[in-house]
Amino acid sequence: MGIWQQTGSDVRLEWGAEGVAALGRECAVLVVVDVLSFGTTTDLVVTRGGRMLPVRWRDERGVARARAAGAVIAGEGGWTLRPSSVTEIPPGTLLALPSPNGATLCDAAAATGAHVLAGCLRNASAVAAKAREFGGPIGLIAAGERWGVNIFGQSETSGPLRPCVEDQMGAGAIAAALAGHGLSLSAEAALAARSVDVTALASCVSGRELIEAGHGGDVALAAQSDVSDAAPVLTGGVLA
């Protein structure tokens, strides 16, 4: 049924893995938006001339494959999922980044056969322009969070979806840029495009969580809008 794929619109928006499954059936392009923190960290790595290898969350075989490919595994050295950890990453670094949302969704999106990009607030216009080059329709996948998943401890690897402010804003910024190119937006994408307010990033639940944990610098980096020309495209399992 085409209604679930938002048929008739050039730009569509859905949430999480379920959104990948729905939009991946018809969309030529899927843009994974995980503002805090995968998408922002990826943008910073690619801007520095590095490459990002997304790894499904707690996938030991995926980590082993990444290591065999010569990647540095995030968390085993100075570089982590936190954006502030990669601001000085050396050019040419291949960083394998496991994450429960952005990285896992990139892998799922690739399995649909669509062109896959990673977007955030920092590179919204650049990602929109690159996505448009591939043709359409374009599906924006707001990653959201998962209830019960704690990346700092032992917990479930998945849980019910929690839609979140930061990813709606990131997807909305990309949607607004695509509308500026003359593409039509579904109701879902149009609503997100009207919701962009980067000042809300520090006061939303995810932003407050990071700030209270002492990671306010990561929120500040993620809140910067259209400061990057990078448009990370997934090719051969690597974002560059």
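1. Glu-166 is buried (under 20% relative accessible area, with over 50% being exposed and values in between partly exposed; 1.4 Å probe, protein chains only), yet Glu-166 has no salt bridge. A salt bridge here is a side-chain nitrogen of Lys or Arg within 4 Å of a carboxyl oxygen of Asp or Glu. The nearest side chain of opposite charge, Arg-162, is 5.1 Å away.

2. This is a predicted model, in which local features need pLDDT of at least 70 and side-chain atom pairs count only at pLDDT 80 or more, while totals for chains, interfaces and linings use all residues. Residues are numbered from 1 along each chain as its sequence is written, and side-chain values use heavy atoms, leaving out hydrogens and water.

3. Glu-166 sits in helix 6 (residues 165-180); helices are DSSP runs of H or I with at least four residues, strands are E runs of at least two, and both are numbered from the N terminus. Not counting residues up to four places away in sequence, Glu-166 touches Val-35, Leu-36, Glu-145, Leu-201, Cys-204 and Ser-206, where contact means heavy atoms within 4.5 Å.

4. There are zero disulfides, a disulfide being a pair of cysteine sulfur atoms within 2.5 Å. The sulfur of Cys-164 is too far for a bond because the closest cysteine sulfur, in Cys-204, is 7.3 Å away. Cys-164 is buried at 5% relative accessibility, and Cys-204 is buried at 8%.

5. The largest nonpolar core has 35 residues; such a core is a set of buried Ala, Val, Leu, Ile, Met, Phe, Trp, Tyr and Cys residues joined through side-chain atoms within 4.5 Å. Helix 6 gives the largest share of this core, seven residues.

How values were computed. Lys and Arg count as positive and Asp and Glu as negative; His and the chain ends are not counted.
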